[in-house]
Amino acid sequence: MCGIAGITKINTNNGNLEAKIEKMQTALNHRGPDDAGIYISTDKQAALAHTRLSIIDLTAAGHQPMSTPDHRYHITFNGEIYNFQQLRKQLISQGETFHSQTDTEVILKLYQKIGFDCVQHLRGMFAFAIWDDLEKTCFLARDPLGIKPLYYCQLGTTLVFASELRAVLASGLPQVNISLPGLYGYLTTGSVPEPHTLIADIHCLGAGNWLYWQGGNTTKKQYWQLNFTPQAISLGEAQEIVHTALLDSINHHFISDVPVGIFLSGGIDSTSVLTLATQTQTSQISTYSITFAESPYNEGELAQKIAHHFGADHTEYQVTASFAKNILPKFLRAIDQPSIDGFNTFCVSQLAREQGMKVVLSGLGGDEIFGGYQSFQKIPQMVAWGKKLHALPFTSLGVALAGWGNSPKIKRLGDFLSHTPTFASAYRSFRGIFSHTESCRIIEHLLGTKFNDQEQLDNLDNYFTPEDQVSFLEITGYMRNQLLRDSDVMSMNWGLELRVPLVDQALIAAVAPIPSHIRLQAGKKLLVDGVGQIPDWVVNLPKKGFHFPFESWMDDDFGDYFQNLNIPDNINLKPWYRRWSLAILRYWLEEIKK
């Protein structure tokens, strides 16, 4: 896992290229503490930077940017390709020779051989750029599920890109103008939805997309998309498919030249990862968790019990209010873009790194793929109810609700009922932070600019079953824009690689054809049955999610960070997540101006 950055251009009037790429590299030092490198083409049309966290082939042979022997192709790569050994063998059988044991060289040789189609053969999490010094082109690609981020900015004929927003800004090339759609998306959902960022000229390359730069022009293409078209699969067949796919994924995610640990929260998803690990690995597994003094939030005893049950070497750390207050400034500095999440990953990543780990597995993705959220029941109910209400004469009910009272949920429900009910609009209401009207008022208050464009989410009503629509929205919304992004930024802040075996392209390709009434059974039953050997005392616990005692800390211990938020009157800030989102945004806006 690493940090990548680059600049390509067809003129030389953008100032000192070396100085700019060095600043971008410096902004990514935390992502790669083991090594760093810069490539600049002789004609000064391209500069690539890399910071390395050594996981595969720890020798100097893995240094990046990496070049082909003829010095035509140059790559800077962030991620892990889990099937690189199979691809390497195939390429060797076709006459290729290799000078390292890295997955980086496999991508480079594959692109040299088949060009854009290389992405169709890569299994893993990745963001990379390849410069062709003969044709003067640059190819950027991001993994199918968006596990690794990649940001870019096109300014005339110049392309700037990096693993983090801050590194693109460090080039000094983009203007720091706030993106109104990005800010609106953050206020309504708690994270900035791709392809937007909070900077107007900087975009996030969409998951499963590649971008090609040539002569100052760019071409972009989506090469992969989720597909939940059901097939005739029985319950027994589904269980076997899931079991086989899970074992295959966990085996691939343990490919590493350094030890691999597991984040253990006490829920079904992380327990599933540990269970699968004990079924496939011969060495003792190390697990890590954080606990709290506040008993309603503390799952420490359960995590310890699970670790003991599977013979894991377990380490935990109790996060107190005083510790949280002391580490909060470090967390704020680690933020690349605001989010209402990430603090938990930040804390447990520090623990794992201090214990000497460089790679950990997370159970992220189980809820979205196997139906673990209340949204799978609530959103279809909302749509059915909304359609019945819209058939009645008083169709202005949504407008009335949006303007009535001060309840956050009622205002978001009013947004939903103000338009023809769809699963996308119901999802926005269910997952929302501020309503449409509140978000527009906050934007005008903060920036002095009116904004009233409600971005339309894709309508999937004619494509998937109701439950599959919810799964699609959770995967492409909450999981991609918030959970995966926060996991990347907060783990990489400590130089830690976080892998997500339940968010695996091959796994999802295997389970997606399973009919939704089987795949999305309540309690993630198909996941539980597919894993096997999960203790009943874990499976039968009521789902409560993983939460921090933020509300009590914000009122008492965190002090000025969450006070005097300077927002328009009559916006309800009682829910802690609203205050958190505004405080994080305020801090970020102040920092971005410096």
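**View 1. Arg499 and its partner Glu497 in the predicted model.** Arg499 counts as buried because its relative accessibility is 0%, where buried means under 20% relative accessible area, exposed over 50% and partly exposed in between (1.4 Å probe, protein chains only). Glu497 counts as buried too, since its relative accessibility is 0%. Arg499 and Glu497 form a salt bridge, with 2.5 Å between the closest N and O atoms; the term requires a side-chain nitrogen of Lys or Arg within 4 Å of a carboxyl oxygen of Asp or Glu. In this predicted model, local features need pLDDT of at least 70, side-chain atom pairs count only at pLDDT 80 or more, and totals for chains, interfaces and linings use all residues. Residues are numbered from 1 along each chain as its sequence is written, and side-chain values use heavy atoms, with hydrogens and water left out.

**View 2. The salt bridge between Asp504 and Arg123.** The closest N and O atoms of this pair are 2.8 Å apart. Asp504 lies in the loop between β17 (497-499) and α18 (505-511) and Arg123 in the loop between α3 (103-114) and β6 (124-132), so the pair ties together parts that are 381 residues apart in sequence. Helices (H or I, at least four residues) and strands (E, at least two) are DSSP runs, numbered from the N terminus. Both Asp504 and Arg123 are buried.

**View 3. The salt bridge between Arg480 and Glu194.** Here the closest N and O atoms are 3.5 Å apart. Arg480 belongs to helix α17 (residues 466-492) and Glu194 to the loop between α5 (180-189) and β10 (203-204), so the pair ties together parts that are 286 residues apart in sequence. Arg480 and Glu194 are both buried.

**View 4. A network of salt bridges.** Arg31, Lys148, Glu164, Arg166, Asp336 and Asp488 are linked in this network. The model has 26 salt bridges by the stated rule.
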